[in-house]
Amino acid sequence: MSQALIAVALVWAAASGTAVVLTRDPLRQAFTAGFFGLALAFLYLSLQSGDVALSQIVVGAIALPLIVLLSLAKVGKDQE
Amino acid sequence: MSVLAYGVVAWLFLIGIYGVVTSRNLIHLVVCLSVAQSATDILLLEIGYRDGGHAPVFVSLPAHPGPAVDAVMQALALTDVVVGAAVTALLLALVVQVHKRAGTLDPDKLRSTRD
Amino acid sequence: MSRRARLILFAVAAVGLAATLGVGLAGLPSFGGQITAYARMLNEAAPRQRHVTDVVSAISFDYRGIDTLFEEFILLAAVTGISVLLRPLSDETRQLPEDKAPARTIPPPSPAVWLLAVFLGSLLALTGLETVTHGQLTPGGGFQGGVVLASAFYVVYLGTNYTTVERYQPNALLEASDGVGASGYVLIGLLGLLAGTAFLSNVVGLGDTGNLISGGTIPLLNLVVGLEVAGGFAILASEFLDQTAVIRTRRR
């Protein structure tokens, strides 16, 4: 059972990682990156690592998309 | 199972590097770099995993708990995740300043010296 | 070199890298097999020796405490680098956001969003404090709890406006918290030297396993790391926010 869970988590992480790279527009990539962070947190949790999954959830879903969106806002404003 | 587990690590790393090389936007490049970095975290945790193992927290365990997974690898990976995010933010600060000076986010159009 | 040449070079190098990675990963022990002897020994010895139930925290802050010190300094250096990079340059000035149509005022955020921000912010702050202080008992600790505390600051920005953020998150306080956290780790490590043993030894009383105050210096180190990570991530976001909202090129 846990083997099947880990296999599903691995495939999900690989698929969303590919999606992050293939999304060329940075604004859309911020959302795909948040989804990839969630997939990674699920993978870490199924590998029995609670501490790492906690860090990954907060960093991948909150800190990283916020920083990317603020950078995009600054860059977009400069281009006006 | 080993092939799938280690194959996903190699795949994520290579596709992250592919994204960095073929990127046309510096912000997209930085996010692809963070994808490649997460591949190393996954490898650390996979090395420390054990079939039928439980998390290395020894409270409220059932009567016959199995073995625990590797706690040293988790300690390495957890600081890596947080510090990796801070370094990604540093790279994005660099990108913001590059855009101010060069006016473009395309790596191919950046010139090495100012006119 | 041209883009095409660069891509061809990458394709050749990627094949070589993939082959090397394949050979290297094939030599690893099979997934899910036996873990290393060091890890097995720590899993067995740590709850008995340090009176903690979360072995990962014991490894981060006690057995391999010096590595965590260096990681913390990497975080401090990254936040300092961001502060230096995003400072107002010589041709820029700090100005509060102004409305392009001066006859009308900027509409304030709706009260429902404000209330939700207050509620979520306090919930996140409480969860962050709980995660930081319970690091030696359950999965948690300074790093995770610090980032959760920092996200309480982010929620304040997302639900309110910039002037509220500036009033309630003074930059001096955040920078002081960052500095106190980083230096506090070194000072607690010096306690070991003062007691006659090595740097970063666990010299405070160990307490009972399962209680909140247990593990000696481990909860103290959790607190200072939580302070540092929370201060660092909050400064990081406020620097980017200043760039977006406040810093603009000086009009001639």
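Of the 115 residues in chain B, 53% are buried, a residue being buried if 20 or more other C-beta atoms, placed from the backbone, lie within 10 Å of its own. The structure is a predicted model, in which local features need pLDDT of at least 70, side-chain atom pairs count only at pLDDT 80 or more, and totals for chains, interfaces and linings use all residues. Residues are numbered from 1 along each chain as its sequence is written, while chains are lettered from A and ligands numbered from 1 in the order in which they are written.

The C-alpha trace of chain B spans about 75 × 30 × 15 Å along its principal axes.

Chain C comes next. Here the secondary structure amounts to 9 helices and 2 strands, arranged along the sequence as α-α-α-α-β-α-α-α-α-α-β. Chain C has a radius of gyration of 24 Å, well over the 18 Å from the globule rule for 252 residues, so it is more spread out than a compact globule. Its C-alpha trace covers about 70 × 55 × 40 Å along the principal axes, and buried residues account for 38% of the 252 residues. Of the contacts in chain C between residues at least 6 apart in sequence, 74% join residues at least 24 apart; in chain B the corresponding figure is 53%. Two residues are in contact if their C-beta atoms, placed from the backbone, lie within 7 Å.

Within chain C, helix α6 (residues 142–159) and helix α9 (residues 217–245) have axes that come within 7 Å and cross at roughly 35 degrees. Axes are lines fitted to C-alpha atoms, for helices over the stretch in contact, with angles running from 0 to 180 degrees between N-to-C directions. By class, this contact has 15 nonpolar, 5 polar and 1 charged residues. Ala, Val, Leu, Ile, Met, Phe, Trp, Tyr, Cys and Pro count as nonpolar, Asp, Glu, Lys and Arg as charged, and the others, Gly among them, as polar.

The chains also meet one another. Chain C brings 47 residues into contact with 38 residues of chain B, and by class the side of chain C that touches chain B has 30 nonpolar, 13 polar and 4 charged residues. The contact of chain A with chain B takes 35 residues from chain A and 40 residues from chain B. The largest share of the chain A side, 15 residues, comes from α3(A).

The largest nonpolar core has 125 residues, and A63(A), L92(B) and V147(C) have the most contacts inside it. Such a core is a set of buried Ala, Val, Leu, Ile, Met, Phe, Trp, Tyr and Cys residues joined through C-beta atoms within 7 Å. Helix α3 (residues 71–102) of chain B gives the most to this core, with 18 residues. Leaving aside neighbours within four places in sequence, V147(C) is in contact with residues including A63(A), V82(B) and F233(C).

Notes
A residue is buried if 20 or more other C-beta atoms lie within 10 Å of its own, exposed if 12 or fewer, and partly exposed in between; C-beta atoms are placed from the backbone. Helices (H or I, at least four residues) and strands (E, at least two) are DSSP runs, numbered from the N terminus. The radius of gyration is taken over C-alpha atoms; the globule rule is 2.2 Å times the number of residues to the power 0.38.
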